[in-house]
Amino acid sequence: LLSSLEYIASSPTLFNAGTSHEQLSSCYLLDSPVDSLESIYDKYADVAKLSKFAGGIGLAYSRVRSRGSLIRGTNGHSNGLLPWLKTLDASVAAVNQGGKRKGAACVYLESWHADIEDFLELRDNTGDDARRAHNLNIANWIPDEFMRRVENDGEWSLFDPKVVPHFVDSWGEAFDAAYRKAEANGLAVKTVKARELYARMMRTLAQTGNGWMTFKDRCNATSNQTAKPENVIHLSNLCTEILEVSSATETAVCNLGSVNLARHVVRAADGSHAFDFDQLAATVRTAVRQLNRVIDLNYYPIDTARTANMKWRPVGLGVMGLQDVFFKLRLPFDSAEALALSTRIAEEIYFHALSQSCEMAETDGAHPGFAESRAANGELQFDHWPSAMPHDGARWNALRERIKQHGLRNSLLIAIAPTATIASIAGCYECIEPQVSNLFKRETLSGDFLQVNRYLADELKTLGLWTSEIRDAIKLAEGSIQGIAAIPERLRTIYRTVWELPQKSLIDLAAARGAWIDQSQSLNLFTENPNIGQLSSMYMYAWKAGIKTTYYLRSRPATKIAKTTVSTAVPDQAQANAAVFCSLENPEYCEACQ
């Protein structure tokens with residue numbers, strides 16, 4: 001599979017296999033330090049040890065007290081999260097990933113934390129640099145209660161976690177009840193308009209691309225690991241596709257690899273193309289065995305990581321090259337046929353991954369945490385998605401009974417990672433994303449490379465249109481062909497870039513395949529010129545569609561030559577608030593999802 005590029009393991013596996021410390025895992029998720037000096041510095045040490053061996057870090061910080069909180073031992077007041085995150089920022093920059101690439105970490109904070117407003121300014125390019133952290137990524141861990149209050153234009157209360165420590169370990173109805181009780185008891189540090197805080201989140205996304213929107217309740221409600229109340233997911237990872245329980249004694253770990261879908265399209269005798277689901281099934285089964293083996297071979301830099309991985313044995317099988325498939329089959333990315341094919345591919349991968357894991361459980365035993373999982377009761381991921389329709393219900397019922405009887409070797413199996421590095425190796429488009437441009441420069445540690453859409457070039461050559469004039473026109477249009485009348489309209493529809501696709505279609509594709517993904521997917525959203533109103537409705541739509549996590553907000557200006565004579569105004573907070581109010585009160589007028 002590796003030599004044929006049908007499947008490639010993640011880059012840490014490629015980096016570290018065969019070294020003296022075979023740290024083969026991609027992601028580590030650490031629960032928040034408790035509110036003590038010792039715990040905070042212990043977490044710094046854990047992050048440094050993991051980053052040293054090329055692990056990407058996700059770290060929650062919701063248990064650490066907020067600014068102004070009383071310190072009983074000294075009768076002073078806390079400086080809050082920011083000084084600790086500034087120290088973490090320096091540590092991440094100092095300890096790179098095994099000398100291969102920069103250290104990387106993402107800090108998650110719950111939306112009720114009293115320091116949330118300061119947190120959202122961490123990546124700003126202006127202001128006091130002592131209160132900025134330019135090496136950290138930041139993400140919002142958002143309960144449904146907050147989104148409901150945004151929708152209903154309600155008030156939102158902010159709390160000091162020292163006063164409400166139980167918030168961190170609750171979700172869903174239990175969290176809602178605890179939150180409302182704390183409000184009624186007058187424990188809030190501050191109350192703000194929910195829409196104003198949401199607008200602050202949107203403004204951070206628009207300015208920095210950071211401040212990722214991840215939805216706490218949906219992540220916990222659909223996870224195979226959270227059947228027991230004490231097992232709680234507190235965060236996602238650096239790339240927002242891993243969702244696993246974590247605690248003081250368990251650091252979540254995930255081993256990743258991706259199927260190259262482009263290599264699973266076959267050509268018939270008449271020259272037409274079709275997707276080969278039999279080949280996909282064989283690839284998935286082999287890949288699951290490889291990822292499962294990594295768990296046993298892996299070097300674990302900290303003991304809590306070994307404890308969690310041996311108990312749950314999670315893996316994250318993903319995909320890349322979805323755009324290649326659509327190009328080969330000549331399907332527009334936002335077509336109904338593309339949606340159906342993408343969903344069917346996700347279903348087949350999930351089915352065969354579960355089948356293989358069940359077979360391994362028959363011979364090697366179920367993972368030690370199986371009794372604590374939803375699968376022990378016959379629950380599977382698509383049971384949590386009301387609109388999901390299995391392709392063949394009988395085979396799923398048979399598999400469900402086998403799982404209840406024999407168990408699963410792995411608690412989690414599917415996660416779609418960004419695949420930036422391995423997609424370059426495989427020569428395909430990244431993960432589940434549309435193409436960014438038909439012609440662009442890719443910058444890597446090995447140098448800069450010109451990337452041309454070979455599918456478009458081949459089609460234009462066949463039509464006799466691959467001329468210097470057409471190529472120059474594509475360059476002038478920043479990789480777009482929409483304004484080139486000489487190119488047939490059918491091709492212009494197929495070869496649109498992500499900037500020319502409705503973002504609603506990306507969200508709909510993600511929601512449809514989400515029924516077959518037991519962890520999550522790195523879902524980037526794209527808007528050429530970020531607009532607060534559009535963003536607010538876009539992320540509200542994603543939440544309502546059942547999306548668990550989103551990743552970067554990509555904006556177009558960053559990819560263009562700077563136009564120094566043109567000023568681009570950044571909206572102030574009052575403008576952002578007004579834009580959010582308008583988009584949510586008048587959704588039919590918002591163009592974000594059209």
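Predicted model: local features only at pLDDT ≥ 70, side-chain atom pairs only at ≥ 80, totals over all residues.
How many residues of domain 1 are in contact with residues of domain 3? Contact here stands for heavy atoms within 4.5 Å, and 13 residues of domain 1 meet 11 residues of domain 3 in this way.

Residues are numbered from 1 along each chain as its sequence is written, and side-chain values use heavy atoms, leaving out hydrogens and water.

An automatic or database assignment gives domain 1 (1-26 + 255-436 + 516-525), domain 2 (27-222) and domain 3 (437-495). Taken over C-alpha atoms, the centres of domain 1 and domain 3 lie 31 Å apart.

Now to the interface itself. Domain 1 and domain 3 bury about 1100 Å² between them, with 46% coming from carbon and sulfur atoms; buried area is the accessible area (1.4 Å probe) that two parts lose on being put together, summed over both. On the domain 1 side, Phe327, Arg330 and Gln435 lose the most area to domain 3, together 45% of what that side buries.

Two salt bridges link domain 1 and domain 3, a salt bridge being a side-chain nitrogen of Lys or Arg within 4 Å of a carboxyl oxygen of Asp or Glu. Arg454 pairs with Asp324 in a salt bridge whose closest N and O atoms are 3.5 Å apart. Helices are DSSP runs (H or I, at least four residues), numbered from the N terminus. Helix H11 (322-328) and helix H14 (420-426) each supply at least two residues of the domain 1 side that touches domain 3, and H11 gives the most, with three residues.
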